[in-house]
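Okay, thanks for having me, everyone.

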Amino acid sequence: MRTCCMPAPPSIITWGLYATATIREAARNESDANDIVTAAIHYMKENLEKKLTLADLATHIGYSPSHFSVLFSKRTGYAPLTYFNQLKIQQACQLLDFTDMKVNQICYKIGIEDTYYFSRLFSKVMGMSPREYKKQKKG
């Protein structure tokens, strides 16, 4: 027998509503993280020619650098600046493939002023130098 001061045990309906609300909140948080990452990637693509820092990216998105970095890494598997460098190298590959631009011109086009750094970064990502890549037969 229950006394007037003891709370009633939660009903199955109450637990069901709580679980549904929790699942919705988790989905909303995941959706927000996806939107943040998508916005960050869009910003990176629009600013390939610039030298962006983690702080620049985080400020644009409206998060602290550490929180933004965690969200971005969880979603993509890459740190934000690593991802940004991958985009730069991807753009460099397209320019090497489809233009007559020289390596030093491409380097500046993607926002890297040091040609030696560009060559090292390209080699690290692609497994060959930009010049070797350009010489390869495509198709």
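Let's start where the two helices touch: Leu54, Ala55, Leu57, Ala58 and Ile61 in H2 meet Pro65, Phe68 and Ser69 in H3, with contact meaning heavy atoms within 4.5 Å. By class, that contact has 7 nonpolar residues, 1 polar and no charged ones.

Quick caveats: this is a predicted model, where local features need pLDDT of at least 70, side-chain atom pairs count only at pLDDT 80 or more, and totals for chains, interfaces and linings use all residues. Numbering runs from 1 along each chain as its sequence is written, and side-chain values use heavy atoms, leaving out hydrogens and water.

Now the geometry. The axes of H2 (residues 54–61) and H3 (residues 65–76) come within 9 Å and cross at roughly 85°. H2 and H3 are therefore roughly perpendicular, a label that covers 65 to 115 degrees.

Which residues of H2 are buried? Leu57, Ala58 and Ile61, with buried meaning under 20% relative accessible area for a 1.4 Å probe, protein chains only. Down the H2 axis they fall within an arc of 95°, so they line one face of the helix. Just after H2, Gly62 takes a positive phi of about 95°.

Terms used:
Axes are lines fitted to C-alpha atoms, for helices over the stretch in contact, and angles run from 0 to 180 degrees between N-to-C directions. Helices (H or I, at least four residues) and strands (E, at least two) are DSSP runs, numbered from the N terminus. Angles under 35 degrees count as roughly parallel, over 145 as roughly antiparallel, 65 to 115 as roughly perpendicular and the rest as oblique. Ala, Val, Leu, Ile, Met, Phe, Trp, Tyr, Cys and Pro count as nonpolar, Asp, Glu, Lys and Arg as charged, and the others, Gly among them, as polar. Buried means under 20% relative accessible area, exposed over 50%, partly exposed in between (1.4 Å probe, protein chains only). The arc is that of the directions from the helix axis to the C-beta atoms.
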